[in-house]
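Here is a short report on selected contacts in one protein model. The structure comes first, then the notes.

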Amino acid sequence: MPDYSLAPGAIRPRRLRRTPALRRLVAEHRLSPAELIEPMFVKEGLEAPVELATMPGVSQHSLDSLVAAAQRAADAGVGGVMLFGIPAHRDATGSAADDPGGILNRAIAAVRDAVGERLVVMADLCLDEFTSHGHCGVLAADGGVDNDATLDRYVSMALAQARAGAQVLGLSGMMDGQVAAVRTGLDEAGLLDTVVMDYTAKYSSAFYGPFREAVDSQLTGDRRTYQQDPANGREALRELDLDLAEGADIVMVKPGMPYLDVLAEVAAASPVPVWSYQISGEYAMIEFAARAGAIDRRAAILESLMGFKRAGADAVLTYWATEAAGWLRETA
């Protein structure tokens with residue numbers, strides 16, 4: 001029988017995989033709690049949190065439970081929280097979005113008061129949660145989204161959120177010129193230190209499904225006229241160039257796992273921090289697979305997060321941020 005043993009002096013890459021300590025020492029990428037951001041939902045009128053059927057473990061919060069959740073995130077060392085508001089009243093222009101007394105702006109102020117500088121308080125800047133039609137902008141007479149009229153609403157939202165205490169504004173609407181409009185509006189109002197994080201590559205994706213429950217979405221139809229086509233990759237780099245020219249401080253690729261190739265290309269080209277969002281459908285797939293006994297939940301969560309880091313993400317928005325931060329601190 002032939003002898004297939006390696007000859008003396010042969011290269012053996014497995015040497016560096018032999019023990020947990022060796023693997024830890026030579027790891028090319030590492031996760032830390034400070035690189036995780038937890039999206040959180042607050043719904044006007046709730047007295048207690050309500051768990052989502054399509055996202056087990058994630059809730060629509062009351063104002064009090066949101067503050068408590070943000071404090072837990074800060075205690076765990078999480079880098080930030082991204083707040084989404086669900087108002088009691090919706091209308092065609094999303095008037096609750098820039099109302100200082102609206103649920104999202106009250107939530108921003110309450111969380112900022114509770115956590116101070118222990119983590120970064122961020123707010124979603126988009127109209128879809130606030131409009132009666134569920135689109136991310138103001139509608140024109142023909143039923144399409146009016147890009148430029150929407151920019152006026154975004155600037156008004158930006159001012160309200162920044163004045164409420166948001167340190168980072170997440171521009172997720174995918175309107176042309178949104179970074180320039182918001183940056184100019186903030187600067188003219190003297191809000192020079194407010195960070196603009198733009199969703200540079202936000203794709204029209206089937207993986208947003210559970211998010212619709214999370215924000216009680218009123219959407220009929222789709223958002224394909226403003227979100228990007230999943231078939232396109234190079235387009236993201238064009239969007240990146242535009243966002244940088246308009247003054248984006250941070251850029252985003254969303255969704256995450258189905259678009260790691262886009263994330264890698266944007267990260268390689270960007271001089272500013274690049275984040276990615278592990279969205280609701282990605283979360284739900286792992287949670288339901290784990291509940292079915294198909295995968296190891298903790299291992300799958302951490303592996304998925306490491307995939308973002310390996311592709312070039314400087315930070316990851318994930319609904320597991322606080323839980324994963326606890327695991328990472330255990331093994332630090």
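This is a predicted model: local features need pLDDT of at least 70, side-chain atom pairs count only at pLDDT 80 or more; totals for chains, interfaces and linings use all residues.

Ala-236, Leu-237 and Leu-240 in helix 7 meet Val-262, Glu-265, Val-266 and Ala-269 in helix 8. The contact residues divide into 6 nonpolar, no polar and 1 charged.

Helix 7 spans residues 234-246 and helix 8 spans residues 260-269. Their axes come within 10 Å and cross at roughly 35 degrees. The crossing is right-handed.

Ala-315 sits in strand 10, which covers residues 315-317. Its relative accessibility is 6%, below the 20% cut-off, so Ala-315 counts as buried.

Leaving out residues up to four places away in sequence, Ala-315 touches Glu-35, Ile-37, Val-274, Trp-275 and Ser-276. Ala-315 and Ile-37 are 278 residues apart in sequence. In space, their C-alpha atoms are 7.3 Å apart.

## Aromatic pairs

The count comes to 6 aromatic pairs. One of them joins Phe-41 and Phe-84, with ring centres 5.4 Å apart. The planes of these two rings stand at 40 degrees, so the pair is tilted. Phe-41 lies in strand 1 (residues 36-43) and Phe-84 in strand 4 (residues 80-86), so the pair ties together parts that are 43 residues apart in sequence.

Phe-41 and Phe-84 form one aromatic cluster with Tyr-277, Tyr-283, Tyr-319 and Trp-320.

Definitions and conventions:
Residues are numbered from 1 along each chain as its sequence is written. Side-chain values use heavy atoms; hydrogens and water are left out. Axes are lines fitted to C-alpha atoms, for helices over the stretch in contact, and angles run from 0 to 180 degrees between N-to-C directions. Helices (H or I, at least four residues) and strands (E, at least two) are DSSP runs, numbered from the N terminus. A crossing is left-handed if the near helix is turned anticlockwise from the far one by less than a right angle, and right-handed if clockwise. Contact means heavy atoms within 4.5 Å. Ala, Val, Leu, Ile, Met, Phe, Trp, Tyr, Cys and Pro count as nonpolar, Asp, Glu, Lys and Arg as charged, and the others, Gly among them, as polar. Buried means under 20% relative accessible area, exposed over 50%, partly exposed in between (1.4 Å probe, protein chains only). Rings of Phe, Tyr and Trp (its six-membered ring) pair if their centres lie within 6.5 Å; planes under 30 degrees apart count as stacked, over 60 as edge-to-face and the rest as tilted.
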